[in-house]
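Please look through the structure below before reading on. The paragraphs after it go from the model's confidence to the whole chain, and then to single residues.

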Amino acid sequence: MFPKLSLCSWLAALVLVLPLSGEAASSSSVSDYLIGLGSYDITGPAADVNMMGYANDQQVTAGIHFRLRARAFVVAEPQGKRVVFVNLDACMASQLVMLKVIERLKARYGDLYTEKNVAISGIHTHAGPGGYLQYVVYIVTSLGFVRQSFDVIVDGIEKSIVEAHENLRPGSIFVNKGELLDAGVNRSPSAYLNNPAGERSKYKYDVDKDMTLLKFVDDKLGPVGSFNWFATHGTSMSRTNSLISGDNKDNELLELAASFRSPSGRPTRMVLSVSRRVRNAQRQAKKPQFVAAFCQSNCGDVSPNVLGAFCIDTGLPCDFNHSTCGGKNELCYGRGPGSDEFENTRIIGERQFRKALDLFNTASEKLQGSIDYRHAYLDFSKLEVTIPKKGGRTEVVKTCPAAMGFAFAAGTTDGPGAFDFKQGDDQGNLFWKLVGNLLKTPTREQVDCHHPKPILIDTGEMTVPYAWAPSIVPIQILRIGQLIVLSVPGELTTMAGRRLRDAVKAVLTNDGDSQFSADIHVVIAGLSNTYSQYVTTPEEYQVQRYEGASTLYGPHTLNAYIQEMTKLASALLQGQPVDPGPQPPDLLDKQISLLSPVLLDATRLGVHFGDSKIDVPRNATFKSGDMVSAVFWSACPRNDLMTEGTFSLVEMLEGKGTWVPAFDDDDFCLRFKWSRPSTFSAQSFATIEWRIPAYTIPGVYRIRHFGAAKDITGAIHHFTGSSSAFVVS
């Protein structure tokens with residue numbers, strides 16, 4: 001049987017049997033860089049906390065699909081500059097998280113790591129605990145700030161960077177790029193079609209199909225990591241899912257790992273004992289773990305539900321312009337390639353993994369050249385932007401204080417909203433305008449600034465009990481040789497991302513004396529360092545679908561990003577500093593939380609925590625593909641997040657009396673579901689389901705559950721439970 005393989009472990013296993021490219025395999029050349037990678041668990045509270053992404057107040061955590069992590073790389077010149085990139089298994093980065101991470105890094109390392117050279121980017125899963133952002137509009141459905149969500153993310157990011165820093169060793173980085181055709185479609189094609197025909201004709205597809213991948217190779221240890229950027233939304237898991245999940249950007253897919261064969265036909269295997277959990281084994285052996293990250297890019301209008309949007313009542317395609325069915329947006333849903341949300345997630349994740357593996361194994365272009373970075377804070381509520389006009393003229397316009405339009409409330413085909421909102425609404429209606437005005441009536445200047453967006457919620461001008469939306473946001477450029485990473489605090493649509501990349505590339509390469517060649521790699525790291533929702537092109541903004549209605553700072557938002565990011569690029573090219581800009585607020589002390597604490601856990605009289613409520617039939621026999629489940633008396637998972645641990649475990653009997661771990665919370669085939677018999681009950685149950693993978697070795701198994709209960713004094717007591725043994729044939 002395979003040891004428990006995470007996605008990063010698959011790649012590590014496969015590189016043991018797949019030859020490196022000639023350049024990567026060579027150890028004779030002197031490395032340009034020091035490279036280090038790290039990873040740490042950031043799985044938040046698996047009970048009672050609203051999930052971030054769909055803004056559905058009924059979608060609260062109640063178990064784990066698989067655990068979430070922060071994955072970091074540090075790249076440094078031996079005697080020069082360095083950069084840090086963190087890929088976060090969360091919906092997006094948070095300004096408050098960024099501020100606190102930088103505070104901690106400063107306490108450890110002084111000015112070695114600052115907001116200038118550290119980037120934190122979210123994968124945009126919609127299945128992670130919320131409550132970790134600092135602005136009101138993003139924490140309304142989570143009943144305010146959730147300190148437990150916030151703390152585990154800050155801790156995990158810090159620990160992943162510390163691990164990467166401590167793993168710094170001489171090494172090389174290779175870059176590769178290729179097309180992935182079947183992992184994303186445009187969910188707002190009517191808006192995309194409003195872009196100029198001449199511009200659209202330059203591109204074969206209405207979404208970006210390119211994946212860009214980095215391969216990290218330690219001079220002595222060989223391949224130690226891989227990060228890639230590809231644009232597709234983290235919405236394969238639905239708006240009713242309650243299990244914490246990295247969605248299609250952090251997929252375990254054990255069946256795929258088992259299917260790969262070495263050149264001699266033998267199954268590929270990690271050189272690690274099955275008696276130890278794989279993710280900890282390399283730490284125990286004091287060897288750097290292999291770290292693989294699937295990062296997000298300009299995914300604003302890209303859906304993983306690749307079959308298109310259909311009406312759930314008739315099965316017919318939804319209205320093209322408004323994504324409605326008989327005038328109702330809540331009946332229009334995008335269809336993924338699988339039979340349910342778990343299969344959708346697995347398939348889209350597998351497609352990304354297969355492309356990443358191909359790029360990893362064929363990467364031959366070596367990154368060479370300087371490491372550098374530029375960073376600035378900008379006040380997007382009143383930024384002056386110079387835009388071109390016909391006849392070679394220019395006009396100075398301004399961005400606006402943040403506001404959300406009516407189509408924001410309509411949601412998307414990945415997760416539609418409710419009531420009578422619809423996408424493509426540039427008028428609004430009187431009733432909902434009156435409702436929005438109860439919160440804040442926008443000024444005439446604000447209304448004109450956002451035109452043609454009809455304002456539903458004037459978030460940028462709402463400050464009670466504190467700011468509802470960000471005004472000051474960061475932009476950042478990281479350079480590693482011929483790779484340029486643009487860290488953007490939002491979700492750019494496909495065409496918006498193309499314009500931004502092209503503008504930066506033009507600045508860096510059009511100078512006759514430029515140190516950059518025309519074939520540099522420019523990637524967008526979306527949802528980075530803070531979150532300010534969407535960025536559409538001005539033409540897409542006119543259509544006012546969900547993405548346009550969620551473009552906070554008005555129709556000139558993209559042009560503002562292009563103007564300011566090209567300034568950073570020019571400064572980087574010329575070796576000049578930039579104005580750091582206004583410091584964003586730290587609102588930690590103002591946060592309000594209305595989430596009830598865990599008061600007490602209880603069982604029925606005569607029952608202990610961890611006892612079986614519904615056991616596996618004694619001496620039962622199962623085969624691959626079967627679902628085995630057990631239900632245990634449990635306690636609230638908020639009592640202990642089991643960081644770097646597990647709530648669920650499948651063990652195999654080895655020899656006469658030794659049980660060894662086989663699968664845990666990190667595995668796609670194992671699900672931990674938590675429930676209460678009623679809302680205010682102190683009793684709760686853990687249901688653990690194991691879908692037996694095809695590669696499972698025949699033998700005797702059991703299911704175990706780990707938890708922590710709070711007694712009436714507030715003390716926490718850990719417990720464990722086991723099912724009866726059963727046979728897998």
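The pLDDT is the predictor's confidence in each residue, on a scale from 0 to 100. It matters here, as this is a predicted model. Over residues 1–28 the pLDDT stays under 50, and for this stretch the model has 82 contacts beyond four places in sequence. Residues 252–279 also have a pLDDT below 50, with 86 contacts in the model beyond near neighbours in sequence. For the chain as a whole, the average pLDDT is 91, and 91% of the residues score at least 70.

Now take the chain as a whole. It contains 15 helices and 38 strands. Its C-alpha trace spans about 85 × 70 × 50 Å along the principal axes. What radius of gyration would a compact globule with 729 residues have? The value would be near 27 Å, and the chain, at 25 Å, agrees with that.

Of the 729 residues, 62% are buried. Among contacts with a separation of 6 or more, 78% join residues 24 or more positions apart. The accessible surface of the chain is about 26900 Å², and carbon and sulfur atoms account for 53% of that area.

Lys673 is part of strand S34, which covers residues 670–675. Setting aside residues up to four places away in sequence, Lys673 touches Ala62, Gly63, Leu243, Phe685, Ala686, Thr687 and Glu689. Gln542 is 131 residues from Lys673 in sequence, and their C-alpha atoms are 44 Å apart.

Val727 lies in strand S38, made up of residues 726–728. It has a relative accessible area of 30%, so Val727 is partly exposed. How far apart are the C-alpha atoms of Val727 and Arg618, which are separated by 109 residues along the chain? The distance is 9.5 Å. Beyond its neighbours within four places in sequence, Val727 is in contact with Ala620, Thr621, Phe622, Gly699 and Val700.

The last topic is the backbone. Most residues other than glycine have a negative phi, and most peptide bonds are trans. The bond from His451 to Pro452 is cis, with omega near 5°. Pro452 sits in the loop between helix H11 (444–450) and strand S23 (455–457). The peptide bond from Val464 to Pro465 is cis as well, with omega near 0°. Pro465 belongs to the loop that runs between S23 and strand S24 (472–480).

Positive phi values are found at two residues in loops. His124 is not a glycine, yet its phi is near 75°. The loop that holds His124 lies between strand S6 (118–122) and strand S7 (128–129). Is His124 buried or exposed? His124 counts as buried because its relative accessibility is 2%. Leu527, also not a glycine, has a positive phi of about 55°. Leu527 is placed in the loop between strand S27 (521–525) and strand S28 (534–535). With a relative accessibility of 0%, Leu527 counts as buried.

How values were computed: Residues are numbered from 1 along each chain as its sequence is written. This is a predicted model: local features need pLDDT of at least 70, side-chain atom pairs count only at pLDDT 80 or more; totals for chains, interfaces and linings use all residues. Side-chain values use heavy atoms; hydrogens and water are left out. Helices (H or I, at least four residues) and strands (E, at least two) are DSSP runs, numbered from the N terminus. The radius of gyration is taken over C-alpha atoms; the globule rule is 2.2 Å times the number of residues to the power 0.38. Buried means under 20% relative accessible area, exposed over 50%, partly exposed in between (1.4 Å probe, protein chains only). Contact means heavy atoms within 4.5 Å. Accessible areas come from the Shrake-Rupley method with a 1.4 Å probe; for residues, only the protein chains shown count as cover.
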